[in-house]
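The following exercises concern one structure. Please study each task before reading its solution.

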Number of protein chains: 2
Amino acid sequence: MKKVGVAILGLGVVGGGTYKILTEHRELYKKAHGLDIEVESVLEIRKERALALGIEEGKIASNIAEICSNPEVDIVIEVMGGVEPAKTFVLAALNAGKSVVTSNKELFCKYNHELEKVAKKNNCGLFFEASCVGGVPVIRALLDNLQGNKITSMMGIINGTTNYILTKMSEANGSVSYEEVLKEAQALGYAELDPTADVEGYDASYKLSILSSLAFHTKIPFSKVHREGITSVSAEDIIYGKQLGFVLKLLAIGKNTDRGIEVRVHPTYVKSSHPLASVNDSYNAVYITGDAVEDVMLYGRGAGALPTGSAIVGDVIYCAKHNNYQYSTFNNTEDADPSTKFIDNFRSAYYLRLNVVDKAGVLAKLSAVFARYGISVAKMVQEAEKENGDVPLIFITHETKENSIKKAIADINASGDIAKLESVIRVVG
Amino acid sequence: MKKVGVAILGLGVVGGGTYKILTEHRELYKKAHGLDIEVESVLEIRKERALALGIEEGKIASNIAEICSNPEVDIVIEVMGGVEPAKTFVLAALNAGKSVVTSNKELFCKYNHELEKVAKKNNCGLFFEASCVGGVPVIRALLDNLQGNKITSMMGIINGTTNYILTKMSEANGSVSYEEVLKEAQALGYAELDPTADVEGYDASYKLSILSSLAFHTKIPFSKVHREGITSVSAEDIIYGKQLGFVLKLLAIGKNTDRGIEVRVHPTYVKSSHPLASVNDSYNAVYITGDAVEDVMLYGRGAGALPTGSAIVGDVIYCAKHNNYQYSTFNNTEDADPSTKFIDNFRSAYYLRLNVVDKAGVLAKLSAVFARYGISVAKMVQEAEKENGDVPLIFITHETKENSIKKAIADINASGDIAKLESVIRVVG
């Protein structure tokens, strides 16, 4: 029986869940793997959290140095979140020769180059399956299973909070606003009191940076991710989308094309027949396309105490069983390989919703604007005049360049006498 | 740059696909992994297959001994299928110190205990991701990612041929029979000329044996899998199922309950809102439930030259990169751990379709039979009398024991004067 000592840094939601899994399944891991995994130490400012979990006082460390110098600790689990003090603590653990398992997407996204260098130097493992999409086994799939492929595209619903909000707005059929659903989600604990990281797309962008770096074999810095959140999503667009056969999702999209790499997070209409369209509530999924495997989708709980704990404990067992350490494959650089080309002017289909100003001339004038920038229209719907006098006019374009749409919108806005632009949403599927 | 020599045994569909991926992506693997992977040798009776792929004559081996004694070969890929001569060849390769990557579900299901013993003795790797569900990364997810969990249930659509047939029957809305769709599938190459292994559920049972052994940490012998194929599926039941909100699938189900382990492959109605219900054509998916991760679904192409080749090449790269070897975790026994209890008398909901004989007394008499065995009915539908005078009567039961249903059916069949049983289909979701 191999004895494995672990320490947990942070006993919040995920830390508590991880502790629970490790202690409840201790016999299972002995039987299945010959591993006796014991939580030897925890670090948590709010000591009452540790006591509430039944952790004895002697195991509650007062500082990171105590954990680093504890010879019983082999693996340090970092589930504090945020850059500091997590980064300092992880570096201290690695320098003390402990392997590290982390769920910290912001830390890994921003500093993986530095952390992995130190891990290698000390011959330690650095595992990060829990940093992206909770219990869904996407990191190891990218690191190992799919390496036979040139991965061309990745599309994911990788933030639970925003997917919960958009699902509820969709279920309510336009009868509730974003603000109302956000409040409800906060009351239920699905959204933070400061929801910025989720609703503005930061969380999804950290994850996309990590996932696309693995898929495309070059560091994709967070700064290269085009990021738009869901705060300006309107109930109206959810309804109109439904009528057109679309479901509105916050998608994280990474593509590796002949023209270069594009990485972007934004609200997106997904065709209702696409497997991603039925990923609801706080479920997450990543849809990956490779030149050999064709399409693969990995689906499950992207967050939560136990699902994220599942990923952490999977890494702990892997680390304890194997003497080899996997590292991400993007060569520990802080920035992308200089040969990497990033595309801002990506191609997409678009949904444009306008409010008609000049009823008589609108179609001719808009057609002229679209023609000017080579935009071709796949579908047009003019809705009935509303009580307030608005006349909504909706276009779905064929695939076109982002810059062409931007120019067309600028022209429409500048003229003022054709129609008022209400919303622009990219369309996939 | 690490040089890695591979040999491919068998250049059928999967062998050819694997060769293609390895040769086309040679530069990618150099750049991404520092691995120069070269196909050093192939073994294929039909030499013209090798020549058609552009393999030079000097690399075509005449027998397995040539490959075993070739010092340039590090890894042997076995994609011949069937037990012999694959088993003899794999053992020879392992005994010659070569690691083996196999896609052979029948071989691995039946002889993994023997193969893994020899692999360990020779300090070689034995990799089998491609043996189950093609390009879908389910083996490594079970071996590594999900090990933090007690896995309680696994439900999979893990045979592409039968899923293709059932999807086409469903799309045709009852207008084509099983036999007609099978013929079409054979013409298109989706089904073998002798379709037995697929349509009788053998292929799915081999895979379920492997997957459930990994999930439940004990060898689940093929002989313990309750197996029913799709040959007696009727177009009528597909229609009636649709009306009731069900999709008919060949499901492989593994459960680890307090009462014991159940493993079974049979046609099953899946509620149309369940994620498995929308897995169509030759797509496959495995839906896994663990006590920490909750639900995870892995979806993709379960067969085909390139998707299966993707899994093989993923294993080749893993094997070449790491010095550790993973083995299945069921302890190299030929049979299940003696403490393992298997349940035949499992619980399920059931769909029963009968043809009414005695119109006046049927409901009272059937109610008496159901009451006798504690079967409670969740839904009953009596269809209009058909042109041929048949009156279909459909029951959906609440969850009940398999043996209770069997006894009730025996009583109905024995009496003869109540109704004639047309079909029985288990229901999940």
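**Exercise 1: a helix and its surroundings**

Task: Identify the buried residues of helix H12 (residues 235-243) of chain A, and the elements against which they pack.

Solution. Helix H12 of chain A buries A:Ala235, A:Asp237, A:Ile238, A:Tyr240 and A:Gly241, where buried means under 20% relative accessible area (1.4 Å probe, protein chains only). Helices (H or I, at least four residues) and strands (E, at least two) are DSSP runs, numbered from the N terminus. Next, the packing partners of these buried residues include helix H8 (160-171), strand E9 (246-257) and strand E10 (260-271) of chain A. Finally, just after H12(A), A:Gly245 adopts a positive phi of about 90°.

The model is predicted: local features need pLDDT of at least 70, side-chain atom pairs count only at pLDDT 80 or more, and totals for chains, interfaces and linings use all residues. Residues are numbered from 1 along each chain as its sequence is written, chains are lettered from A and ligands numbered from 1 in the order in which they are written, and side-chain values use heavy atoms, with hydrogens and water left out.

**Exercise 2: the interface**

Task: Describe how chain A meets chain B.

Solution. Begin with contacts (heavy atoms within 4.5 Å): 46 residues of chain A touch 46 residues of chain B. Then consider salt bridges (a side-chain nitrogen of Lys or Arg within 4 Å of a carboxyl oxygen of Asp or Glu); the interface has 2. A:Arg301 and B:Glu294 form a salt bridge at 2.6 Å, N to O. Lastly, E12(A) and strand E12 (residues 294-301) of chain B run antiparallel, joined by 5 bridges; strands pair if DSSP finds at least two bridges between them. Within E12(B), B:Tyr299 is the bridge partner of A:Met297.

Technical notes:
Buried < 20%, exposed > 50% of the residue type's maximum accessible area, 1.4 Å probe, protein only.
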